[in-house]
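Subject: A structure to look through

Dear colleague,

I am passing on a structure that I would like you to read through slowly, with the sequence beside you. Please open it first, and then go through my notes below.

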Amino acid sequence: MFIERRPSFYLYAVWVRMLSTVRLLSACIALSAFSACESDRKDSVVPSDPPPANAYTDNEATRDGIGRTYFGREIAQVMGHPAIYWLERGTRESEERTDLLMQLLGVRDGDDVADIGAGSGYFTLPLARAVAPNGIVFAVDIQPEMIDFLAARARTENVDNIKPILGKIDDVCLAPSSVDLVLLVDAYHEFDHPWEMMRSIARALRPGGRVALVEYRAEDPDVPIKPLHKMSQAQARIELEAAGLFFERNDSSLPIQHLLWFRKPTQ
Ligand SMILES: C[S@@+](CC[C@H](N)C(=O)[O-])C[C@H]1O[C@@H](n2cnc3c(N)ncnc32)[C@H](O)[C@@H]1O
């Protein structure tokens, strides 16, 4: 979907069959697998402040976009759940050095982490193991199929410190000051309300908490990803700094992605 090479659909088909069985056997559990949106609770409602003037514009959509731009960047279409096979492809670790990314995140026992746009849970499960037994990973996505998939996987693999959350397009649905780290891998460029999402992420972070933004490098024409699914460092800084986060550094260790570190002010 995003690159030319297409791994076999076989693995995905097996997963879907397994999931169907799990769903049939535990339909009731599945219905309660999602957590309620924390922001719906009276005590945690923080109305979103308005976006900067003229930050959003609406135009005709290009091929992979939704037409809406944010600080001049056209927002990409959301990657649908049938592309789980692509997130789970066997070549991903070597192509993206996802193992190295896990090391660079530096999470440890007791950290509370939010994996926003968690998809199939590719990073959620290793994160949960890294922060256990005292930490928790909130896995947020707007597609119920993604949440079902990662929740079923966590049950199968006996990982019990993951809290799956069906988010909203403009709200991560986390309680204020509840996480130390927010991980955004290949997801931010799809947010159709990036201002509202980043403001809700900033609220969910504890003072001094970090955001790790991982996006394919737009500056590099050799990165074989569609343009709207890449981001430049300069664009990312404009957008996340507008939401009140401080840019700390770009760790350039990954082969085809930026790892951009941002932080919430301590006060
Ligand atoms: C390309 S996938 C990446 C999944 C995962 N981070 C990974 O790297 O394997 C992007 C995910 O972001 C999710 N997403 C898009 N907009 C979102 C939003 N506003 N809130 C939460 N998730 C969102 C999509 O549903 C999709 O599952």
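What follows is a description of what was found, taken part by part.

Please keep in mind that this is a predicted model, in which local features need pLDDT of at least 70 and side-chain atom pairs count only at pLDDT 80 or more, while totals for chains, interfaces and linings use all residues. Residues are numbered from 1 along each chain as its sequence is written.

**The chain as a whole**

The protein chain holds nine helices and eleven strands, where helices (H or I, at least four residues) and strands (E, at least two) are DSSP runs, numbered from the N terminus. Of its 267 residues, 38% are buried; a residue is called buried if 20 or more other C-beta atoms lie within 10 Å of its own, exposed if 12 or fewer, and partly exposed in between, with C-beta atoms placed from the backbone. Two residues are in contact if their C-beta atoms, placed in that way, lie within 7 Å. Among the contacts between residues at least 6 apart in sequence, 71% join residues at least 24 apart.

**The sheet of β1, β2 and β3**

Three strands form an open, antiparallel sheet in the order β1-β2-β3, and two strands are said to pair if DSSP finds at least two bridges between them. Strands β1 (56-58) and β3 (73-76) stand at the edges with a single partner strand each, so one side of each has no neighbour in the sheet. From one strand to the next, the twist averages 40°; axes here are lines fitted to C-alpha atoms, for helices over the stretch in contact, and angles run from 0 to 180 degrees between N-to-C directions.

Strand β2 (residues 65-70) is joined to β3 by three bridges. G65 has A76 in β3 as its bridge partner, and Y70 stands opposite R73 in β3. The hairpin of these two strands has two residues between them, and in it F71 takes a positive phi near 45°.

Which residues of helix α6 (residues 124-131) are buried? They are T124, L125, L127, A128 and V131. Seen down the axis of α6, these buried residues fall within an arc of 160°, so they line one face of the helix; the arc is that of the directions from the helix axis to the C-beta atoms. They pack against β4 (112-116), β5 (136-141), α7 (144-156) and β6 (162-166).

In the loop between α6 and β5 lies P133, which is joined to A132 by a cis peptide bond with an omega of about 5°. Strand β5 itself is mostly covered, with five of its six residues buried. Five bridges join β5 to β4, and these two strands run parallel; D115 stands opposite A139 in β5.

**Two loop residues with positive phi**

Most residues other than glycine have a negative phi, and most peptide bonds are trans. N158, which is not a glycine, has a positive phi of about 55°. This residue lies in the loop between α7 and β6, and N158 counts as exposed because it has 6 C-beta neighbours inside 10 Å. S177 also has a positive phi, near 50°, and is found in the loop between β6 and β7 (179-185). With 13 C-beta neighbours inside 10 Å, S177 counts as partly exposed.

R217 is found in strand β8 (residues 205-217) and counts as buried, because 20 C-beta neighbours lie inside 10 Å. Leaving aside neighbours within four places in sequence, R217 is in contact with V223, K230, I256, Q257 and H258. The C-alpha atoms of R217 and S232 are separated by 5.9 Å, although these residues are 15 apart along the chain.

In helix α9 (residues 233-242), A236, E239 and L240 are buried. They cover an arc of only 90° around the axis, which puts them on the same side of α9. The buried residues of α9 pack against β2, α8 (194-204), β8, β9 (230-231) and β11 (257-263). Just after α9, G244 takes a positive phi of about 100°.

With best wishes
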